[in-house]
Amino acid sequence: MLGIHGDNVPMNTERPAFVWTIAGSDSGGGAGIQADLATIQDLGCHGCSVVTTVTAQSSVAVTLVEPVSAAMLIAQLTTLLSDLPPKAIKIGLLADQTQVALLADWIASFKIHYPSVPVIVDPVMVASCGDALAVDNCQDIKSAAKSALDFKPFKGLIELITPNVLELGRLTHSDVSTKAQFAAAALALSQSLDCSVLAKGGDVSFGCTDILDDTHAQTQTNAHDIAYKSNGWDLELAEDYLVCRQVRASSKLHQNGRFWLASQRVNTRHNHGSGCTLSSAIAAVLAQGFVLQDAVVVAKAYVSQGLSAAIGLGQGPGPLARTGWPNDLSRYAKIRQCCDNGINQHLDVGNDLVATVLSATDQATAQVRIASTQPQNILSHGFKVLDADLGVYPVVNDLAMLESLLAAGVKTLQLRIKTDISQLTTAAPAESDLGKPVLSRCESGKSKSGEPKLIGSELEAQIQTAIALGKHFNAQLFINDHWQLAIKYHAFGVHLGQEDLAVTDLAAIQAAGLALGISSHSYFELLLAHQYSPSYIALGHIFPTTTKQMPSAPQGIAKLKHYVALLQDHYPLVAIGGIDLTNLAKVKATGVGNIAVVRAITKAKDPLAAFAELSQAWEQCSLSEELAVKHELGAKHE
């Protein structure tokens, strides 16, 4: 059976997630309900529709907007909910304030029973042709163009609102001419509606309509372009501003963060329905269990692909192409975290959120390190390239186990010793102490996960010994977290988590010639990791794990498969988290090249035997996969 794009991929027989679109009908088929349903299906979900308005429109004009009755609107919602409850809801065109109030009341009742279902609002006011859509009483389309609906009834009920430049200015009654004003307005809207905001800056250089018109663009004067550049905008980029507000299942550093998302501007006039497509794509990705930041970056890449492949159908702007899940890394936005004044920063060490995550010592360190750890200060070639594939990659916390694995021929390992890095001393152990037994525990006891916690010179002695052992056995030994000691004793590499990036001098690690591995737990985090061009990226946690307390739910096989499709041609990828013999084959089937294992080795009665068994099973999976590919190629040539 053919897949959705006509290839030989088997049809997915699993029940898709239900995504509702509550919006207007576009008789031209390029925007509104029609664009939403096409997007939702293209991204693997089942779309359900609640029609709020019927529009008479084409690619060049909107001639009439007529709302459905209140009874019909409620009937659609009630009937759908009884049979096809949503995993996510997108709200688009609402014809008048009455519909806003009615829908807000319904969502308030809905949220009592479905509190975790995200609701996304795209505050549609103007069509791509320039005509107004939200029309009070449908009396006069043109006279309503300067008015705006009041979305305050949605306060505390929605997860995200996605205004463009024109809509943001109207919703906040503010001037958004400069980039700083744009960011300030987005933050103000987030506070007033108690939700996250994705302020879309893609149309900022084309005046006050949602039109991306080649002819219009060509007539702009140099003075006009210079003015926008002086206001902080880069006309070669489509820059959106994401204000996160208490995002569930997200990293503590990101759940209330603010970010600029910059993509190359696509030079096309065929952008009809781009706002509808973006918001419905966000809803579709959220419905599949991704966090909000993930949904935003995936949807933005999806729109970029759709704009690039769009063609004209009528005389006006054509609709976006439907191109499937975006797996082209170049389509994904560059991410920059911002501080209160909207200036790009890797981390705002002064905000309250960071203060709850980092210690006072770490905050001071971060402030010093910020200038040297920006992605643009990392050389273009990135970090050290790995000498060999990682394969089965043990993560251990004990020197004795580390040495036994090295002696058995393991060529890639990680030493993960948890400690308070602020208590470290710089005193190095005597050269004669190297190789002597070192106590695995000290007075600081154990971490929450039960791993040994070391401080000061004892920690330094263990790390120095581990690095010496790695060199002796010619292995790729990564030191988790303790990058200063890894540099000091010339380790092969360092492994860091996302929070560690804020307090680490990455430029110093690169200058020392060390390899770098970075953990990620979402699309958003793997894109942040990618911006540093590390030696490998770890993807996790795939299955439930007891070795570390995680803010997010297990990623699972489906998400891992998406991550691999995006990154496999760019980095060695390592799946981590709860992987053992019972699920190893499923992990291998995603195409990931390497697995990191913790409990499957450290908790085994015989760690060496456990490693050998895991390695053999991993190789057998690889052989089976290779034979399957050869069989498929042979069948095609017959």
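Reply: Valine 243 stands opposite arginine 258 in strand 9. The two strands concerned, strand 8 (residues 237-243) and strand 9 (residues 258-264), pair in the antiparallel sense over seven bridges; strands count as paired if DSSP finds at least two bridges between them. Strands themselves are DSSP runs (E, at least two residues), and helices are runs of H or I of at least four residues, both numbered from the N terminus. The model is a predicted one, in which local features need pLDDT of at least 70 and side-chain atom pairs count only at pLDDT 80 or more, while totals for chains, interfaces and linings use all residues. Residues are numbered from 1 along each chain as its sequence is written, and side-chain values use heavy atoms, with hydrogens and water left out.

Helix 5 (residues 179-193) packs on the sheet and touches strand 6 (160-161), strand 7 (196-199), strand 8 and strand 9, contact meaning heavy atoms within 4.5 Å. The direction of helix 5 makes about 30° with that of strand 8; axes are lines fitted to C-alpha atoms, for helices over the stretch in contact, and angles run from 0 to 180 degrees between N-to-C directions.

The open sheet as a whole comprises 10 strands in the order 3-2-1-4-5-6-7-8-9-10, with mixed pairing. Its edges are strand 3 (62-67) and strand 10 (334-337), each of which pairs on one side only. Helix 2 (residues 70-83) lies across strand 1 (18-26) and strand 2 (46-57), and runs at about 165° to strand 2.
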